[in-house]
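Welcome, and thanks for taking a look at this one with me. Have the model open as you read, and follow the residue names from one section to the next.

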Amino acid sequence: MSDRRSDTLVRDLTLYVLVRFALVAVIAGILVIFQVPLLVALIIGLVGGLPLGLLLFRSLNARVTAGLAARNEHRARERARLRAELRGEPFPEDPVTREDTETREDTETREDVETREDTETGEDAPESPEKPEPEATPESTDDRPGPGERPEGR
């Protein structure tokens, strides 16, 4: 991200925060003129200034939101590049292009590799990846009713 974008984001964010505080101060000041206690005026100014600030300063809010989204996108790209570098993989400039060119046939899953190794060694590959049924234990063979079941003798 360029320094220019960063500077405009900082400028827009600072301006937006100051304008919102000024709006709260104006609302509270008007209420104090009409003999409303200061604390109550500040609370009303905060509550009234939040939606009013979103409506009055929509363009500034959009610029701040766009700047924050661009910053987050840049950080996510840098994080992905760093993780790929730590794994020892090359990181393409455009991750979308890499996903489009890579097909399902090009990648091997862990199950494919295990199945191939089993057939190479002559062992039978497991037919299904399901877990085997647990053997009956004394706890599972008792005659106590389960949750939501009624006892038989009552």
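Predicted model: local features only at pLDDT ≥ 70, side-chain atom pairs only at ≥ 80, totals over all residues.

## Overall fold

Residues are numbered from 1 along each chain as its sequence is written, and side-chain values use heavy atoms, with hydrogens and water left out.

Contacts are pairs with heavy atoms within 4.5 Å. Among those in the chain between residues at least 6 apart in sequence, 54% join residues at least 24 apart.

## Surface and burial

How much of the chain counts as buried? Of its 154 residues, the buried share is 12%; buried means under 20% relative accessible area, exposed over 50%, and partly exposed in between (1.4 Å probe, protein chains only). The accessible surface comes to about 13400 Å², and carbon and sulfur atoms hold 56% of that. These areas come from the Shrake-Rupley method with a 1.4 Å probe, and for residues only the protein chains shown count as cover.

Helix α1 spans residues 3-33 and includes Phe21, which is exposed because its relative accessible area is 55%. Together with Leu13, Val17 and Leu18, Phe21 makes a nonpolar surface patch of about 370 Å². Patches are built from residues with over 30% relative accessible area and no salt bridge; like charges are joined within 9 Å, and nonpolar side chains (Val, Leu, Ile, Met, Phe, Trp, Tyr) within 5 Å.

A patch of positive charge also lies on the surface, gathering Arg71, Arg75, Arg79 and Arg83. Here Lys and Arg count as positive and Asp and Glu as negative, with His and the chain ends not counted; a charge is placed at NZ of Lys, CZ of Arg, CG of Asp or CD of Glu. Arg71 sits in helix α3, residues 58-87, and is partly exposed at a relative accessible area of 34%.

Side chains of opposite charge can pair when their charged atoms come close. The structure holds 6 salt bridges, each a side-chain nitrogen of Lys or Arg within 4 Å of a carboxyl oxygen of Asp or Glu. One of them joins Asp12 and Arg63, with the closest N and O atoms 3.1 Å apart. Asp12 is in helix α1 and Arg63 in helix α3, so this pair ties together parts 51 residues apart in sequence. Asp12 counts as buried, at 6% relative accessibility, whereas Arg63 is partly exposed at 42%.

Ala66 is also in helix α3 and counts as partly exposed, at 46% relative accessibility.

## Pairs within helix α3

Glu73 forms a salt bridge with Arg77, the closest N and O atoms being 3.1 Å apart. The two residues are 4 apart in helix α3, so about one helical turn separates them. Arg77 is partly exposed, at 34% relative accessibility.

Glu85 and Arg81 form another salt bridge, with 2.8 Å between the closest N and O atoms. Both residues lie in helix α3, 4 residues apart, or about one turn. Arg81 is partly exposed, with a relative accessible area of 33%. Elsewhere, salt bridges that share partners join Arg11, Asp12 and Arg63 into one network.
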